[in-house]
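Here is a friendly walk through one protein model, to be read with the viewer open. Please have the sequence to hand as well.

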Amino acid sequence: WRATSKSPPPPSASTPSWLRVASKSKKMPSKSESCAVLTAAGSGSRLCCEGPKALVELSGRPLVWWAARGLRAGGVGAIVVTAPASSIEEFRSALSDIDDLTVVAGSDRSRQESVALGLAALGRCEADTVVLVHDAARPLTPPQVTARVIDAVRGGAGAVIPVLPVTDTLKTVDAAGVVVGTPRRSDMVAVQTPQGFRWDVLIRAHEEGASLGADEARAATDDAGLVEAIGGTVHTVAGDERSMKVTRPLDLALAQILVAEETSA
Ligand code: CTP
Ligand code: MG
């Protein structure tokens with residue numbers, strides 16, 4: 001699979017029903033607008049594509065476009081996309097039909113640092129503004145998941161993550177690959193994005209964890225982890241299987257099947 005940017009846009013009828021943007025009158029009610037950082041600055045080394053992973057196409061549109069549309073359909077206002085510094089113009093043109101969206105350069109050192117750059121571009125918000133962090137690598141997140149996360153933060157949580165039960169048994173191993181433990185599967189969950197935060201909580205977590213961001217191997221793999229590190233409580237809401245992350249070629253094949261099934265339904 002390779003990123004090709006010039007196929008025609010799909011007709012709106014081919015958008016899966018769960019991703020269709022509600023018309024203005026049907027927009028989900030909101031006390032105040034929420035905003036989001038959409039991370040898309042990764043290269044996609046495990047997908048083995050040419051060019052940035054977020055520009056790889058699904059049914060004629062790049063992954064980052066699907067992810068941004070899904071956020072908007074879930075009730076998100078301003079969106080800041082972190083793109084690879086060398087591809088900013090390509091991202092801007094791929095996302096030109098989505099309003100209230102800004103593309104800025106992310107980091108080539110870690111996802112965590114890309115999020116920090118996106119937050120800086122978002123600028124100062126009210127302390128209780130809901131800020132989401134979402135991965136462009138999750139193009140098909142149903143708007144209902146986004147809305148659940150936003151509602152939970154508005155309901156008083158400082159940090160909220162969507163989760164699913166794990167189906168594989170998980171083990172901890174040492175550096176030599178020898179098993180050192182088997183956590184109870186029923187105690188474990190798989191974590192998705194968008195993750196939602198009060199703005200003041202997320203900013204403090206990123207400020208205090210900033211030094212880890214210089215290197216992906218040490219950096220936090222999600223933003224909730226930074227909140228945990230400063231002693232914050234992280235709440236959970238139900239995630240969704242369709243919010244799967246496109247990491248390897250098999251994931252992209254699954255995403256293509258999901259879009260095709262929905263559009264033929
Ligand atoms: N990301 C980012 N900045 C980075 C690294 C990752 O904004 N320096 C983003 C990716 O674009 C992606 C999300 O973080 O949307 C989750 O990362 P992942 O799925 O690991 O994507 P990549 O880092 O691109 O893929 P890989 O690790 O296989 O290279
Ligand atoms: Mg990565």
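## Ground rules

This is a predicted model, in which local features need pLDDT of at least 70 and side-chain atom pairs count only at pLDDT 80 or more, while totals for chains, interfaces and linings use all residues. Residues are numbered from 1 along each chain as its sequence is written, chains are lettered from A and ligands numbered from 1 in the order in which they are written, and side-chain values use heavy atoms, with hydrogens and water left out.

## Overall make-up

The protein chain has seven helices and twelve strands. Helices (H or I, at least four residues) and strands (E, at least two) are DSSP runs, numbered from the N terminus. Of its 265 residues, 50% count as buried; buried means under 20% relative accessible area, exposed over 50%, and partly exposed in between, with a 1.4 Å probe and protein chains only.

How much of the contact in the protein chain joins residues 24 or more positions apart? Among contacts with a separation of 6 or more, such pairs account for 75%, where contact means heavy atoms within 4.5 Å.

Start with Thr39, in strand β1 (residues 34-39). Thr39 counts as buried because its relative accessibility is 8%. Beyond its neighbours within four places in sequence, Thr39 touches Thr82, Arg111, Val115, Val133, His134, Asp135 and Ala136.

Val56 sits in the loop between β1 and β2 (57-58), and with a relative accessibility of 1% it counts as buried. Val56 is twelve residues from Gly44 in sequence, and their C-alpha atoms are 9.6 Å apart. Val178 is in the loop between β8 (172-173) and β9 (179-181), and is partly exposed at 46% relative accessible area. Apart from its neighbours within four places in sequence, Val178 is in contact with Thr172 and Val173.

## Helix α5

Which residues of helix α5 (residues 199-209) are buried? They are Trp199, Leu202, Ile203, Ala205, His206 and Gly209. Seen down the helix axis, these fall within an arc of 165°, so they line one face of α5; the arc is that of the directions from the helix axis to the C-beta atoms. An α-helix has 3.6 residues a turn, so residues three or four places apart point the same way.

The buried residues of α5 pack against α3 (111-122), β6 (130-135), β11 (195-198) and α6 (223-229). On the other side of α5, Glu207 and Glu208 are exposed.

## Pockets and a cavity

The search uses a 1 Å grid over the protein atoms alone: a cavity is a set of points where a 1.4 Å probe fits but cannot get out, a pocket is an open set with protein on both sides within 12 Å along at least five of seven lines, and lining residues have an atom within 4 Å of a point. Grid points are joined across faces, edges and corners, and a volume is the space filled by probe spheres set on the points. Ala, Val, Leu, Ile, Met, Phe, Trp, Tyr, Cys and Pro count as nonpolar, Asp, Glu, Lys and Arg as charged, and the others, Gly among them, as polar.

The largest pocket holds about 850 Å³ of space. Its lining has 31 residues, with Arg46, Arg111, Asp135, Glu216 and Lys245 closest to the centre; by class, seven are nonpolar, 14 polar and ten charged. The second largest pocket has a volume of about 590 Å³. Of its 15 lining residues, Leu164, Ala190, Gln192, Met244 and Lys245 lie nearest the centre, and β7 (159-165), β10 (189-191) and α7 (249-264) each give two or more residues to that lining. Eight of the lining residues are nonpolar, two polar and five charged.

One cavity of 30 Å³ or more turns up in the whole structure. Ten residues line the largest cavity, and Ala67, Gly70, Leu71, His134 and Thr141 lie nearest its centre. Helix α1 (residues 63-73) gives the largest share of this lining, four residues.

## Cysteines

How many disulfides are there? The count is zero, a disulfide being a pair of cysteine sulfur atoms within 2.5 Å. The sulfur of Cys49 is 7.8 Å from the closest cysteine sulfur, in Cys48, which is too far for a bond. Cys125 is in no disulfide either, and the nearest cysteine sulfur, that of Cys35, is 4.4 Å away. Cys49 counts as buried at 15% relative accessibility, and Cys125 counts as buried at 19%.
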